[in-house]
Every structure is written in structure tokens, then in C-alpha cells.
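Try each task before you read its solution.

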Amino acid sequence: MMDILQILLSESFWAASLRIATPLIFGVLGALLCEKSGVLNLGIEGIFAAGAMCGWMAVWLGAGLWGGVLVAALAGAFFGLIHGILTVPLGLSQHVSGLGVTLFATSLSYFTYRTALPTVTSPPRIEPFRALDIPILSDIPFLGPVVFQQTAMTMLALAMVLLVWYVLNRTALGVALQAVGDNPDSVDAQGLSVYGLRIGAVMAGSALMALGGAFLTMSAFDAFFFGMVNGRGWICIALVIFASWKPGKALLGALLFGAFDALQVRLQTEVGAMVPGQVFLMAPYVLSIFALVVAARRAEYPRALLTPWFKGQR
Amino acid sequence: MTLQKVLSLNALSKRFGSVVANDAVSLELHRGEVLALLGENGAGKTTLMNMLFGHYMPDGGSIDVATPSGDMQPLTLGHPQAALSAGIGMVHQHFTLAENLSALDNITLGSEPLFALRRDRAGARAKVQGIMDRTGLTAPLDTPVGKLSVGERQRVEILKALYRDARILVLDEPTAVLTPQEADTLFENIGAMTRDGLAVIFISHKLREVLAFSHRIAVLRHGVKVGEIATSDADQRVIARMMVGEDTPTPTRAAMTPGAPVLTLSGLGLRSAAARDRLTDVNLTVHAHEILGIAGVSGNGQSALAAVISGLRRPDSGSIQVDGVEILNPNPKTMIKAGVGRIPEDRHHDGIVGAMSVAENMIIERLDDPLVQSNGLLNRDAIATNAKTLSQSYDVRGPGIDAGARLLSGGNIQKLILARVFEQNARLILANQPIRGLDMGAAAEVSRRLLEARAAGAGVLLISEDLDEILGLADRIMVIHDGQLTEVSSRNREDIGLKMAGEQT
């Protein structure tokens, strides 16, 4: 027991939690934006892969790191546009279209990677984002090492939490977005475009998801591997419900999952001899499901989620 | 009244597939005028207004709207945004409000620049407050709309239009969801607004309020404007004839002595998280040869009461007796067996299985009848014969008895349900909103059948939100409010209205 307490109090544990949480923060915020407008985006898993591949590829081809981030975001927005057109004006099943986007984006990323590098056996590396050392802030006890000695992309993720919250709650655009996810007729009757708002939200959300993928190749690791997204996208879909579609709680949910994951790695080394390793690997997911069961009962679903809306059909 | 023209619809036409919804309808509206648009369901009233507001693109015709200075300008068709900027506001029958947002956010939605970094909420609030002070339409501005009452939501809808400087206000069946008193208040507010120059078009099928509150009446039938009349020259009979095209005989209710009780509910209670699904200590008795009317504003426990009597929900306390026998295990099967015939509220959804044929829907509640099946196999000839006989005697018209029931019109679906219920010689008939949404002919037919069942010795429990329907059919009246029933002895709409609002105990 003492060991667990020691882990929980250590700076390195919380720094690792935030690092593991970073792609999830991007992903949950992205899924949240899409769903707030009424569109479920199951393309997230594939968009993660596309963001990871495109960001890395851009840097490997000679772009700067921030150029890579931009390319990843654009790639995400592109897949968001596909999903948006299929589900919003065409009104196709959001589940089917989303899974289709995931398959398409994943395969296209692998295909592009293989075509560009047909003969390479060990993945080529890039120079990733380095940990920051922000003067003064980094020297704050505990908070400094945990928050301010991360990479720039983690800072960006935290800034995005604030930005998404601000846009949703303090701007006219956010009010319109929340309205279109609750009752599209309210937006239409006030002369705004339901299609425009929804496609825009899905594109912006997908761009954020792609940044989560880009974090993997440009910050957490320095290369692109097959299967590296490894279900992170699906976790985000669950975390949105846990967060009850609120950006602050989305951050909390991502951190919670990150902490479970960081904890299981450390516990594995502590008591790994007695318990099979799979139990630890499973732990974050089991705990997340449990947290979800508790939180989902009170979750405030966007009322129009999954419901297509057609112009002139009332 | 000044006769300054503010709106003219010029020969507007709209067709959906082969159905002509509006055929060259022209209409004029003047400053400060209240125009009532009347017509049966499907006459094309809402379609016409949706074209005016840009929800639908007309197939032909044009619209001219007066600018604030009074010049008539053609309106860009098919764009709500254009209608809004021309000063046209519309309050839809189904509210177009985002329930997760506050009233203030709903009101300002779409009128501020989308991509500005900040919003001028203080300025917006001051403007809304000014409108509320001027018109007497008040609503809490900061509560999420989902928590507001129906009357408050409607006021938010009107405020939305006025906030955008509407000079023409369209109200689609504004009183359908209000108590009589709330409706009167609404029309008082409208009166105040028209004195400031607002022009109002309201759609209704309640002749009483049309006669009391409009200046002019336009009547649509089958998509064509069949008449226009100054309200001072109109009366109920004249308008009804214009709407239907002929005189409809109103069924007369002969006096009858009630017989033995056929349904007795005592101390019935139903718990639920949602207030609208709760019942508290409900006691009622329906006798043979009697129609008991349950009046009330929608969402006060009517659905829960109907669900309990249909056997769809098991009460948490109290007892149910049908024809003197206590039902110990209420479920749909035992209730049908006990002699309860059910005419459900949502006839399309709960009354029929749309994908099954008309013939199958007619026998669906008596599958264990030996006439219908033997040894588990359906007797198709008997089912077809039964369907032919019933279709004829109940005048069910449609593409035939083998066609899917969903292809029938609302009135014919209702007749199919009546045929099914009455052929079982039900002791008690639960009629939940049996007339809502039917045209006058079908409505008269339903009323006649209910009175026939009453004459034949059945008891009828009539649940309706339309007070006129209850006053016309019921022998006794009870009011449901907040899950509780109270008997009213008076047949005065004022008294009943107050009870419906829960203001009198």
C-alpha cells in the first residue's frame, strides 16, 4: 500500500499521466465538438492514424514540426469533410459512415506509408518535439515538472481545452453549435445553416482528433508504426460520455485514464511477479468502464445526436 | 384600422409529388390586422406559411413584403434568412427552441455575428427586456428552455420574432397547447402588439377563438383558398360550411340512464421520475351507457392513465375493476380479455402495425379466436372475409385489405381501429384523443360510433385536450391536472379551464 501512495505522490507519475492523456485530450475534444453538433464521429480511430502518418511524413519530407502539426490537422479536416458530407446533407447512418472513415483513413495511411517507403525495414526517425523548459513556470514545485516540462503539444492540448470551452460557452458560434445539436429546427428557423454548422463542427473536431494522432509520432515517439493508435480513438468516444460533453470534464476523463495507465505500468514492476501482466494491461479499461457506468447515467446527451436533419422536411 | 398593405402572397403553388398542397393561393395582409387562416388538416395552411417563411420553395407564385417605409418589395423565396430580414417572424406549432440553451440565447441565436470573439449579452438583454415591458410577454431569460412551461416557451418563440423586429408575425396553431386562460392572455398580448402596427396571421381550427380575436378570416380547402370573410360577418356555421364545403351533421347525444359500472379505478397511483407520467390517488367510475370525459392540458398524466387502463403499465397502488371483476394481473392481454377496447393516442405508432396488411391489423387483438386460427395456422379466408365486411361497414378506404396499413390516411387508420374495437363488443372503450388530427367528416364519424357504442351499453372513457370535443360528447367531465383527477359538475368552460390550470381545488 505504501508503494502505491508513493507512486501517487511522485512528480514523475503525474507527468507520465499527463503525457499519456495528451492524445486523448485532443481526441475527446474533437469527438465532443462533433457530437455537440449532433454528429457521432466513429472515424476517430482512423483519423488518429491519418494524423500520425501525415504529421510524421511531412516532417520526414522536410517540413518543420509545426508544419507537420498543420498538415496533420488538414488531413483530419479532410476526413471530417467526407464524414460530414455523408452524414449531414446525405443523412447516412453515422455509425456506418464513421466506421467506413476509420477503415478508409487507416488503410490509406498505411498504404501511403508503404508506397513512400517500400524497402525500409526499420521505421525512419524524425527529430520530435522536445520537453519544454519554461522559465519560472517550470520551477514551480510539483506543478512545474508535471505540467510545464512537457512538450509543446501537451501545452497545445491544454490550451485547446480552454479554447473549446470558450468557443462553446462564450461565443455566438458556440451557442449556435449547441443549438444545432439539440434541435436543428431552432437554428434553421433563425436563418442559420444547419448543414454548414454541422459540417464545420465535424471538420474542426476531426482536425483536433488528427492532432491526437500527430502527438504519437511527433512527440511521444519519433516514428510511425502500424497499429500505433491501438484503440485510443475508441477510448475517446467513451470518454465523451464520461465527460457529459463538457470540455473541463473531458480533460478530467483523459487524465483519469492516463493515470490508470501510468499506474498499471508502475504496479507491474512492483508486484508483477505475483499477478499476470494482462491484468495490469486490462486495468485502465476496466476502471474506465466502471467510471463510465457511474457517469453515463447522469450524462446530458445532445438531444439531436445521431438524428439527421433535412432541409424543407418538417 | 389603416389599410396599409404589408404583405401580399401572389398565386403561390406547391406540390409534393403528385399531391397539390397549395394551388395558386393569394392573400393580403394589412398593418395592425389579425388574419385567421382556417382549414381542415391537410388543407395546406402550414405549407402556405412555410413558403412565406422560406422553409419551402414554392413551385409558382411570388411574395411581396412592405419595407419599413411602406414600399412593397419582392421577397427572395426559399430562404428563412431573407424572410427574417424582411420582418417576417414565425412561431411554429412545434417549437423551434434549443432546450439546452437559455431563453436569451435562443432569442439572440442567429442575430449576432457568428465569428465574433465576444457577445453583447448585456445589450441583448436590455433589448429583450424592453420588448417584454412593451408587450407584456414575459419569460425567465436565464433558465434553460427545457425547464420552462409550454406557455413560457411559446412566449420565448414570439419574443424571438419581435427581437428581430418582425412586422408580420405568423402563429401556427398557437393555442393548441395552452389552457383557455393562457390562450386568452396570449390574444390580449397580440391585441396590444397589433395596436403598435404588427400584422398577425394565425392558423387555427378552433372556431371560437377565430371568431373572437381575428379581424378577417381566410379559409383553405384542399390547397385552394375557398373564401375570405370579415370576422364581423361570420358565424360558426358559415365558417364550418366554407371549410368542409357542405353542412356536416353534428351527432346528437340522446339522454340515457347510466347502468352498472364497467370500469372502476380506486386509489390508483403510479410513480415516475417524470411528472407527466405520474398518477396520484386516481378514483373514477365509468358506467354502462355513459361517456366520461377527461379534460386537461397535455402532459398532465393522460398518457399514464391510458397506459394503465390499456394494461401497458402496472400501477404501483390501487385497484382496477372491469365489469365488476378485479384485474389482479393487469397487462394488455388480460385487459383485452376483460373487455377493454383501446383507441390509442398515437394511432400511427401504437394503433396499427404499419408493415402488416389492413386485414391482419383487423384481427391482431384476437389471435386466439378459433375463427381466426386453428392449430396455430391462420385461417386466411376467414380473415379476408372479416376484413371485407368490416371495411365496408366502417367505410375504411384505401388501396385494399392486403395493402400495408401504413398506406391508409389518418382518418382511415382511425376507422380501422374503431372496427377492431367495436367488433369485440368491448365493455369499456378507452378513447385517447380519438378525434385529434382528423378532418371534420372523419371526426363526425368517430363521434357517431362512440355514441353508438354508448347506446349499445358500453362505457366510454374519452381523454381529450380539446374542451369542445369533451363538452359535445361527455355525460360527465373530470379534469386531470398534475396526475390527479377532479370531477367538475359545471359545464362552464371558464370553470373547467381554471381546473385545467390547477388554480382551483
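**Exercise 1.** Find the buried residues of helix H17 of chain B and say how they are arranged around the helix.

*Solution.* Step 1: H17(B) spans residues 493-500, and its buried residues are Ile496(B), Gly497(B), Lys499(B) and Met500(B). Buried means that 20 or more other C-beta atoms, placed from the backbone, lie within 10 Å of the residue's own. Helices (H or I, at least four residues) and strands (E, at least two) are DSSP runs, numbered from the N terminus.

Step 1: Look down the axis of H17(B): the buried residues fall within an arc of 160 degrees, so they line one face of the helix. The arc is taken from the directions from the helix axis to the C-beta atoms.

Step 2: These residues pack against elements of chain B including helix H6 (180-195) and strand S13 (290-295).

The model is predicted; local features need pLDDT of at least 70, side-chain atom pairs count only at pLDDT 80 or more, and totals for chains, interfaces and linings use all residues. Residues are numbered from 1 along each chain as its sequence is written, while chains are lettered from A and ligands numbered from 1 in the order in which they are written.

**Exercise 2.** Describe the side of chain A that touches chain B.

*Solution.* Step 1: 21 residues of chain A are in contact with 25 of chain B. Contact means C-beta atoms, placed from the backbone, within 7 Å.

Step 1: Helices H8 (172-182) and H9 (184-189) of chain A each give two or more residues to this side. H8(A) gives the most, with 7 residues.

Conventions
Buried ≥ 20, exposed ≤ 12 C-beta atoms within 10 Å, placed from the backbone. Contact = placed C-beta atoms within 7 Å.
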